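Subject: Structure handover

Hello,

Here is the structure I said I would pass on. My notes on what was found follow below it.

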Amino acid sequence: MLKERPRFQVPTEKCFRVEEADINAPGKGEILIQTVWLGMDPYLFSRVKKVSDQAKPIEFGEVMYGAAVGRVVASNLAGFSEEDYVHGLWGWKDYHISDGSDISKIPSGVSSPSHMLGALGAAGFGAYLANRNVLNVQPGDVVFCSAATGALGQIIGQIAKLKGGVVVGTASTEEKCQLATTSMGYDYCIEHSSRDLSQRLETAIPDGIDAMVVSTGGRSFDAAFPLMNKNGRVAICGLMALYTSTSGPARNDNNMTLLNEVLLKRLRIQGSLVLDYLNTDIHREFLQEMSSWIRLGAVKPVEHITKGLENAPSALRELFEGKNVGKSIVSVSD
C-alpha cells in the first residue's frame with residue numbers, strides 16, 4: 001500500500017508498506033486469481049506522485065497497482081477455468097478477485113505468459129507501433145535508440161534488425177552494450193556516459209541516422225539528434241528523464257536549434273502512445289505477428305526478474321536507476 005509520496009526523484013521502498021488480509025472466495029460471476037508476475041513500468045511513478053498529468057495518482061492507504069499476470073485458482077465465471085492464465089491491471093497483491101471486466105485470457109499458444117508484460121505488452125507494442133506508424137524501417141536504414149537494453153529498446157533493436165536496418169544504441173554500462181550487440185539486434189552500442197559520446201556516435205554512424213526512437217531523452221538524444229539525415233523519422237515513445245522531474249522541461253535556446261534541424265532536414269517527428277491503439281485491429285495484428293516472431297526465434301525477449309512481492313518497491317526504484325536489463329518483472333508466485 002502507498003504510505004507516502006516520494007521525497008526524492010525516484011520512488012523508494014519508504015513509499016510503501018506491506019499489509020496482510022484474508023483471501024476472500026469469489027462470488028457469483030467472479031474468479032479468484034493468484035498473481036504470478038507484476039510488470040514494472042516507468043508510468044507507475046505517476047501513480048505515486050501527488051499530482052500527475054500521466055495518470056490519476058493513488059491515495060494513501062490504497063494498494064499500488066499496475067500490469068499483472070496471474071493464474072485462475074477458482075472460477076464462478078463462464079469462460080474461465082482453473083489454471084487459465086490471465087493478464088490485466090490490478091493491485092500489487094497475492095490474490096485478486098475479478099468479474100472479468102479488467103482482465104483478458106492469455107492464449108495457450110503464448111510461449112510464456114510473462115511476455116504479456118513485455119514483448120507482448122506495452123513495451124513490445126510501443127516498439128511495434130513506432131516502426132509501423134513512424135519509422136518504417138527499410139533495408140540499409142540506420143536506426144538509433146537510446147536505452148538499448150530497456151524493455152522497449154530491446155524490442156526496437158530486434159524489429160529494426162528484422163527489417164534490415166543497421167541498429168545503433170546507447171546504454172549505461174559496457175556490459176549492457178555487449179548484451180545489446182549479442183542478444184538484442186544492435187550493430188553498435190555506446191555507453192551514454194562516455195565523455196566523447198558525440199564523437200563516438202559520429203564515428204559509428206558516418207552516414208547519419210535515418211530513424212530514431214526516443215524513450216528517455218537526455219544526453220544520448222542531444223548527441224544523436226544532429227546526426228539525423230534529411231527526411232529522417234523520429235518516434236517519441238517516452239521521456240523517462242521527465243517522469244521524475246519536479247519542474248518539467250527547462251526552457252533554453254536549444255529549442256530553436258532543434259526546430260531549425262527539423263526544418264532544414266524535413267524531419268518527421270511524431271509522438272506514439274500505445275493507449276491510442278489498444279483493442280484495435282492494429283493491436284490484434286501486433287499480438288499475432290510478435291507471437292510468431294517469438295515462436296520462430298526472430299525476437300528473443302529478455303526479462304529482468306526480481307523475486308518476491310515484498311521486493312516490488314525496490315524493483316520499481318531500480319527501474320529508474322537503470323539497473324534492469326530487458327523487461328523488469330517481479331515474480332510473485334511460481
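To begin with a contact between side chains: D41 and K327 meet in a salt bridge, with 2.4 Å from N to O. A salt bridge here is a side-chain nitrogen of Lys or Arg within 4 Å of a carboxyl oxygen of Asp or Glu. The pair links distant parts of the chain, 286 residues apart: D41 is in the loop between strand 1 (31-39) and helix 1 (44-48), and K327 is in strand 13 (residues 327-331). Helices (H or I, at least four residues) and strands (E, at least two) are DSSP runs, numbered from the N terminus.

Before the rest, a note on the source: this is a predicted model, in which local features need pLDDT of at least 70 and side-chain atom pairs count only at pLDDT 80 or more, while totals for chains, interfaces and linings use all residues. Residues are numbered from 1 along each chain as its sequence is written, and side-chain values use heavy atoms, with hydrogens and water left out.

D41 counts as buried because its relative accessibility is 12%, and K327 is buried with a relative accessible area of 2%. The classes are: buried under 20% relative accessible area, exposed over 50%, partly exposed in between (1.4 Å probe, protein chains only).

Other salt bridges

A search of the whole structure finds 11 salt bridges. Among them is the one between E261 and K265, at 2.8 Å from N to O. These two are four residues apart in helix 8 (residues 254-265), so about one helical turn separates them. K265 is buried, at 18% relative accessibility.

R284 and D281 also meet in a salt bridge, at 2.8 Å from N to O. Both lie in helix 9, three residues apart, which is about one turn of the helix. R284 is partly exposed at 47% relative accessible area, whereas D281 is exposed at 58%.

Six strands form an open sheet with parallel pairing, in the order 8-7-6-9-10-11. Two strands count as paired if DSSP finds at least two bridges between them. Strand 8 (188-191) and strand 11 (268-271) stand at the edges; each has a single partner strand, so one side of each is left without a neighbour in the sheet. From one strand to the next, the twist averages 15°.

Strand 6 (residues 142-145) and strand 9 (residues 209-214) run parallel and are joined by three bridges. C145 has V213 as its bridge partner in strand 9. Helix 5 (residues 197-204) packs on the sheet and touches strand 6, strand 7 (166-171) and strand 8; contact means heavy atoms within 4.5 Å. The direction of helix 5 makes about 170° with that of strand 8. Axes are lines fitted to C-alpha atoms, for helices over the stretch in contact, and angles run from 0 to 180 degrees between N-to-C directions.

Surface and loops

L278 is in the loop between strand 11 and helix 9 (281-296), and at 39% relative accessibility it counts as partly exposed.

E310 lies in the loop between strand 12 (303-307) and helix 10 (312-320). E310 is exposed, with a relative accessible area of 53%. Its C-alpha atom is separated by 26 Å from that of V51, 259 residues away along the chain.

Regards
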